[in-house]
Amino acid sequence: MPTSKIAPSILASDFARLGDEARAAEEAGADYLHIDVMDGHFVPNITLGPSIVEACRRSTNLPLDVHLMIAFPERYLADFKTAGADHITIHAEATQHHHRALQTIKSGGLKAGLAVNPLTPLHIFEEALPLIDLALIMSVNPGFGGQTFIEGSLDRITRLKHLCSRLNPDCEIEVDGGVSISNVQSIVRAGADVVIAGSAIYNGNGSVSENVKRFREQMV
Ligand code: DX5
Ligand code: ZN
């Protein structure tokens, strides 16, 4: 089984030291830097925008994995591409125009992702998988870091893995929300290719390097 990837979520970092926090993820050997964009409409919270993506771009060479939790994501794709995003993931629930949005992302030379909330049926992936590079399973309700992993997500990861094997084996399954040292092994064994973690990586219990190392030890 290929090694799964780790994407620290900058949302849990100290924004007063944004550049250092982004560099710490790279120095720790992380694979992607995950950036959570929230608009106060699609989700209740407001977080980051293109200027923060641009600041991360100047701070690290890690691929920037931008997760748009915003309504009408198609309106902002060009701004995030200009800011330096490498991956852009939109939510299935946030637009009626998935195909157009995903094609716009891909035609700009970026990797395109589609995310689903915890109760959104997986069948959209039957149609979307041939078009996408990343399939993101939300394992909490989107909007906030530090929530508890929803156990039913494990079965969804496995079902999505079967769909990927059939329709697009190169597509990476990302799992986002409530990922911790204690559950990351079961998440990877269920089929996750990329684990996204905020509060389990950026916290007072250890440095980013120590936390990434602890994750790697469990991801077998
Ligand atoms: C939640 C975000 C997540 C969040 C994860 O809506 O999409 O990426 O940063 O945070 P933790 O790992 O603390 O659950
Ligand atoms: Zn996210």
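**The zinc site and its neighbouring ligand**

Around the zinc ion (ligand 2), six donor atoms subtend angles of 69 to 168°, and the arrangement is therefore octahedral. The criterion behind this assignment is that six donors count as octahedral if opposite donors are over 155 degrees apart and all others lie between 65 and 115. The model under discussion is a predicted one.

The protein residues that coordinate the zinc ion (ligand 2) are His34 through NE2, Asp36 through OD, His67 through ND1 and Asp176 through OD, at 2.0 to 2.3 Å. Along the sequence, these donor residues follow the spacing H-x1-D-x30-H-x108-D. His67 belongs to strand S3 (residues 64-69) and Asp176 to strand S7 (residues 172-176), so this pair ties together parts that are 109 residues apart in sequence. His67 is buried, its relative accessible area being 0%. Asp176 is likewise buried, with a relative accessible area of 8%. Both assignments rest on the cut-off that buried means under 20% relative accessible area.

Attention now turns to ligand 1.

An oxygen atom of ligand 1 lies 2.6 Å from a side-chain N or O atom of Asp176. For Ser9, the corresponding distance from an oxygen atom of ligand 1 is 2.9 Å, and for His34 it is 3.4 Å. Taken alone, ligand 1 exposes 380 Å², of which the protein buries 99%.

Technical notes:
Residues numbered from 1 in each chain as written. Chains lettered and ligands numbered in written order. Predicted model: local features only at pLDDT ≥ 70, side-chain atom pairs only at ≥ 80, totals over all residues. Heavy atoms only, no water. Donors = N, O, S within 2.8 Å, 3.2 Å for Na, K, Ca; no water. Tetrahedral: all angles 85-135°; square planar, octahedral: opposite > 155°, others 65-115°. Helix = DSSP H or I, 4+ residues; strand = E, 2+ residues; numbered from the N terminus. Buried < 20%, exposed > 50% of the residue type's maximum accessible area, 1.4 Å probe, protein only. Polar contact = N/O pair within 3.5 Å; in protein donor to acceptor, adjacent residues only side chain to side chain. Areas by Shrake-Rupley, 256 points an atom, 1.4 Å probe, with all protein chains shown as cover.
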